[in-house]
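Please read them with the structure open.

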Amino acid sequence: MASDVVIRVFSAIGVVLVARSLGPRAYGVLSVALAFSGIVAYLSDLGLTHLTMQHATRPNADIGCILGTVFKVRLVLVIAVALASLAGIWILYPEAEQRTVMLAVVLPSICGVAMQGFGASYFWATQQLHVTAVLKAASQVFSACALILAFFLRWPVRGVAIVYGTTSLLGGIACLWLVQRRAPRMRGWDPGILKGVAAFTVGGLTGIALPQLGPVILQRVTAATQVGYFSAASRIPGLLYAIPGCLGMAWYPQLFSAGSREPAQHFALCVDQLKINVILSFGLSLPVALYSGLLIRTVLGSSWEIPTAPILSLLCWMVVLNSLSSPFADALTTKGLQARRAWVYAAALMIGSVLFATFTSTGGAHGAAAAAIITQALLSVGLVLVNPSGRALLTAAGRRFLRPIFLGSASALIIYTALPYSVIPAILSVSTFFLVAVASDIELRTRARKATSMIYTKWRYAWTTS
């Protein structure tokens with residue numbers, strides 16, 4: 001978590017500088033390519049990452065055969081998706097600049113994401129999260145340095161697109177190399193491993209496509225500048241979600257292990273994940289909603305503030321909604337109910353497409369933000385309803401997170417109303433929220449002490465041995 005958060009912050013600095021350098025229109029062109037890339041790159045996965053997790057976490061799993069089977073399927077998918085994407089880009093994007101940017105981002109990303117997913121699924125299943133942290137850190141640092149260099153050298157949008165594609169490809173090569181060194185030798189073919197992949201495919205594809213609806217639909221119904229405003233604002237919630245998102249990675253293998261054998265432990269883990277996720281996400285979202293104008297003016301410049309700040313005030317609550325939907329989605333998947341998850345995500349994708357097309361045609365980027373919030377809220381409700389223990393899970397977690405959220409929010413609002421609208425009160429409101437939330441809950445206090453003690457011990461050991 002620490003690695004991912006720090007690296008995402010560093011990467012966000014590069015993204016912000018590039019957005020300021022390119023301007024709303026060129027950044028909108030790049031955002032369309034990144035959104036398209038996110039969707040088609042998943043087609044080279046089609047749920048294989050989750051399927052690997054499911055089989056590799058079982059007792060006495062044949063890891064070599066699992067990896068060998070999955071690798072062969074991924075190789076076929078990469079070739080097919082790359083050819084289909086090349087044809088699709090050539091037909092759908094006749095404008096020369098947009099087409100060039102799309103090709104530079106999409107084709108390398110298909111190969112890179114496939115290799116990264118293959119490597120991450122193994123290390124994730126074996127709970128070697130420090131390895132995935134190193135891989136992510138190396139890729140993101142290289143990408144961020146290149147983006148910062150692009151800002152100072154004033155590279156055009158095509159040069160920035162090449163940076164995105166190259167870093168994805170290099171990260172994939174590094175992942176594949178590490179798997180070859182650390183994992184059992186890949187061998188054999190077992191078609192039984194692919195049983196149930198369809199549900200993972202639908203659920204995963206719709207889950208990837210939902211966040212990309214904004215840029216993809218916006219560029220069809222409105223100007224590229226509106227795409228730029230929406231994409232710039234959505235980067236900040238994406239950065240904020242790094243913390244609860246990384247924590248969810250730690251729960252996932254344990255949920256798979258408990259899902260089929262220990263229902264009581266599975267329920268307890270889900271409640272635990274939900275409580276921590278919601279408190280973290282609410283504490284990060286509330287100050288951003290209150291100080292959105294200040295944040296946009298600080299990171300993007302005053303010219304972005306008026307059109308982008310209201311969008312950010314809405315989109316920041318996506319962090320809270322994601323922190324609700326992700327644990328419920330993981331609860332379904334790890335209990336073998338991934339088909340229900342897939343149907344809910346598919347329904348949300350269809351409803352979201354209609355909402356985005358309707359709202360953006362009249363409201364532009366502001367309408368897209370409203371459509372995103374409504375779609376994510378409906379997704380969360382659907383995931384709760386289709387889970388046999390969904391309402392019980394929400395009730396149990398709600399009893400544990402409502403008081404910390406209420407007291408922390410009250411303290412942040414007091415600071416917002418009592419102090420001037422500036423950077424220091426904004427930082428103070430975030431800090432106060434978490435201090436009050438932790439102080440008001442005995443379980444959070446215990447966790448904070450244990451985490452602090454662990455970090456102190458590791459740092460002390462590192463310094464004494466260096």
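1. Asn387 sits in the loop that lies between α14 and α15 (390-418). This is a predicted model, and the points below should be read as such. With a relative accessible area of 3%, Asn387 is buried, because the cut-off for that term is under 20%.

2. The side chain of Asn387 has a polar atom 3.0 Å from the backbone nitrogen of Ser389. Leaving aside residues up to four places away in sequence, Asn387 touches Phe328, Ala331, Leu332 and Lys335.

3. On the α12 side, the contact is made by Pro307, Pro310, Ile311, Leu314 and Leu315. Their partners in α14 are Ala365, His366, Ala369, Ala370, Ala372 and Ile373. By type, the residues of this contact are 10 nonpolar, one polar and no charged.

4. The largest nonpolar core has 84 residues. Leu30, Val101, Val105, Phe230, Ile311, Leu315 and Leu383 have the most contacts inside this core. Helix α14 (residues 338-386) contributes the most to it, with 14 residues. Another core, of 15 residues, lies apart from the largest one and includes Ile66, Leu77, Met115 and Leu176.

5. For Val101, the residues touched are Val29, Leu30, Ala33, Val157, Arg158 and Ala161, not counting those up to four places away in sequence.

Technical notes: Residues are numbered from 1 along each chain as its sequence is written. This is a predicted model: local features need pLDDT of at least 70, side-chain atom pairs count only at pLDDT 80 or more; totals for chains, interfaces and linings use all residues. Side-chain values use heavy atoms; hydrogens and water are left out. A nonpolar core is a set of buried Ala, Val, Leu, Ile, Met, Phe, Trp, Tyr and Cys residues joined through side-chain atoms within 4.5 Å. Buried means under 20% relative accessible area, exposed over 50%, partly exposed in between (1.4 Å probe, protein chains only). Helices (H or I, at least four residues) and strands (E, at least two) are DSSP runs, numbered from the N terminus. Contact means heavy atoms within 4.5 Å. A polar contact is a pair of N or O atoms within 3.5 Å; within protein, one must be able to donate a hydrogen and the other to accept it, and residues adjacent in sequence count only if both atoms are side-chain atoms. Ala, Val, Leu, Ile, Met, Phe, Trp, Tyr, Cys and Pro count as nonpolar, Asp, Glu, Lys and Arg as charged, and the others, Gly among them, as polar.
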